[in-house]
Amino acid sequence: MAITITIANEKGGVGKTTTAVNLAAGIALRLSERPDGRNRVLLVDMDPQVHALLAVAYEKHQHTPAESLAALLTETPPPSIQRLIQRSDYHANLFFVPSERAAMIRAARELPALMANETRLQRALTPILDEYAYIIIDTPPNTGDLLINSLVAADHVIIPVETSYLGVSGLIELQRTIEQVQTHFKPDLNILGYLPSLCEEQRSESREILEEMHKRYKKLMLPTIHKASDLAYAHSSHMDIFTYRPPRNPSSQNIISSSRGTREYAELVDLVLKQTGDHKRYREG
Ligand SMILES: Nc1ncnc2c1ncn2[C@@H]1O[C@H](COP(=O)(O)OP(=O)(O)OP(=O)(O)O)[C@@H](O)[C@H]1O
Ligand SMILES: [Mg+2]
């Protein structure tokens, strides 16, 4: 059974897409030489901006097929997800569901009037759960059916939080949305953690917020991601950080280079693999 992780925060520009892309790529790299072959990772981009897809499949993304993620969400019966899925540009075991801006904006508008509008992504993913080790879902910066679908489909949520005063202020609303999803659809939806992002350690504001977050979220704090120009350049070069700044002899054991972004995202990847691996064993008894 795939472990599904949704990256969510209704606030814009907090590092959701950067985290979704680098987590998906990092997990794909770490699992790439797994002897049992259970190494496939799927990236689902629920944001109509489709920035995550630009980073994993820039070339292929230019030719979106007639049927894409929006059809999975709105059509009854939906098209076969197996037929839609494509391989990413840089990692043989990283895959994505094609998506397209205009179709996703239409889907977001149509969903509220459709039957089972909150569970459509979950249902669409069900047939492929055995084929993937991990499914990573990126979400748009607002509440609405696209976010709800992404949470209902998830086992775990990671919440990137910009380390600024405005960054922590909007979290109550997201926590309420998560509680609603737990109450109505998914009692065991787990907050894997809060990820301090875009941290500028030389700024006292960043340091104070980080301290405050540690007090508030304690064990739910994930390792800090600092602001690093490599991460922004990788994004604008349509690459994940491990592809943009690889080490000299890359392998599943060796994914960290001199670039701080590779070290920090590898730390997150390894923590996520450790924590969700245990969760999976626990669930399967
Ligand atoms: N740690 C970082 N260091 C430097 N730049 C970063 C970092 N994280 C993200 N960025 C840059 O900040 C911008 C916003 O990041 P990103 O797109 O990941 O946020 P988002 O939460 O997905 O935004 P949106 O809500 O619009 O989807 C991007 O240009 C990205 O390249
Ligand atoms: Mg984004």
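Predicted model: local features only at pLDDT ≥ 70, side-chain atom pairs only at ≥ 80, totals over all residues.
Residues are numbered from 1 along each chain as its sequence is written, and chains are lettered from A and ligands numbered from 1 in the order in which they are written. The chain contains 14 helices and 7 strands, where helices (H or I, at least four residues) and strands (E, at least two) are DSSP runs numbered from the N terminus.

**Overall build**

- The radius of gyration, taken over C-alpha atoms, is 18 Å, close to the 19 Å that the globule rule (2.2 Å times the number of residues to the power 0.38) gives for 285 residues, so the chain is as compact as a globular protein of that length.
- Along its principal axes, the C-alpha trace of the chain spans about 50 × 45 × 40 Å.
- Of the 285 residues in the chain, 48% are buried; a residue is buried if 20 or more other C-beta atoms lie within 10 Å of its own, exposed if 12 or fewer, and partly exposed in between, with C-beta atoms placed from the backbone.
- Among contacts with a separation of 6 or more, 77% are between residues 24 or more positions apart, two residues being in contact if their C-beta atoms, placed from the backbone, lie within 7 Å.

**The sheet**

- The 7 strands form an open sheet with mixed pairing, in the order β3-β4-β2-β5-β1-β6-β7, and two strands pair if DSSP finds at least two bridges between them.
- The edge strands are β3 (86–87) and β7 (190–197), each of which pairs on one side only.
- Helix α1 packs on the sheet and touches β1 (3–7), β2 (41–45), β4 (94–96), β5 (134–138), β6 and β7, and its direction makes about 165° with that of β5; axes here are lines fitted to C-alpha atoms, for helices over the stretch in contact, and angles run from 0 to 180 degrees between N-to-C directions.
- Strand β6 (residues 156–162) pairs with β7 in the parallel sense over 7 bridges, and Glu-162 stands opposite Ser-197 in β7.

- β1 and β5 pair in the parallel sense over 5 bridges, in which the partner of Thr-4 is Ile-135 and the partner of Thr-6 is Ile-137.
- β1 also runs parallel to β6, to which 3 bridges join it, and in β6 the bridge partner of Thr-6 is Val-157.
- β2 and β5 pair in the parallel sense over 5 bridges, and Val-44 stands opposite Ile-137 in β5.

**A covered helix**

- Helix α8 (residues 145–152) is mostly covered, with 8 of its 8 residues buried, among them Asp-145, Asn-149 and Ser-150 as well as Leu-146 and Val-152.

**Around ligand 1**

- Of the 19 residues around ligand 1, Lys-16, Thr-17, Thr-18, Pro-141 and His-235 come nearest, a residue being near a molecule if its C-beta atom, placed from the backbone, lies within 6 Å of it.
- The helices α1 (16–31) and α12 (229–236) each supply at least two residues of this shell.
- By class, the shell has 7 nonpolar, 9 polar and 3 charged residues; Ala, Val, Leu, Ile, Met, Phe, Trp, Tyr, Cys and Pro count as nonpolar, Asp, Glu, Lys and Arg as charged, and the others, Gly among them, as polar.

- Most residues other than glycine have a negative phi, and most peptide bonds are trans.
- The peptide bond from Thr-76 to Pro-77 is cis, with omega near -10°, and Pro-77 is found in the loop between α4 (69–74) and α5 (81–84).
- Ala-116, which is not a glycine, has a positive phi of about 55°; Ala-116 lies in the loop between α6 (101–110) and α7 (120–125) and counts as exposed, with 10 C-beta neighbours inside 10 Å.
- Lys-218 has a positive phi near 40°; Lys-218 is placed in the loop between α11 (204–217) and α12 and is exposed, with 9 other C-beta atoms within 10 Å.
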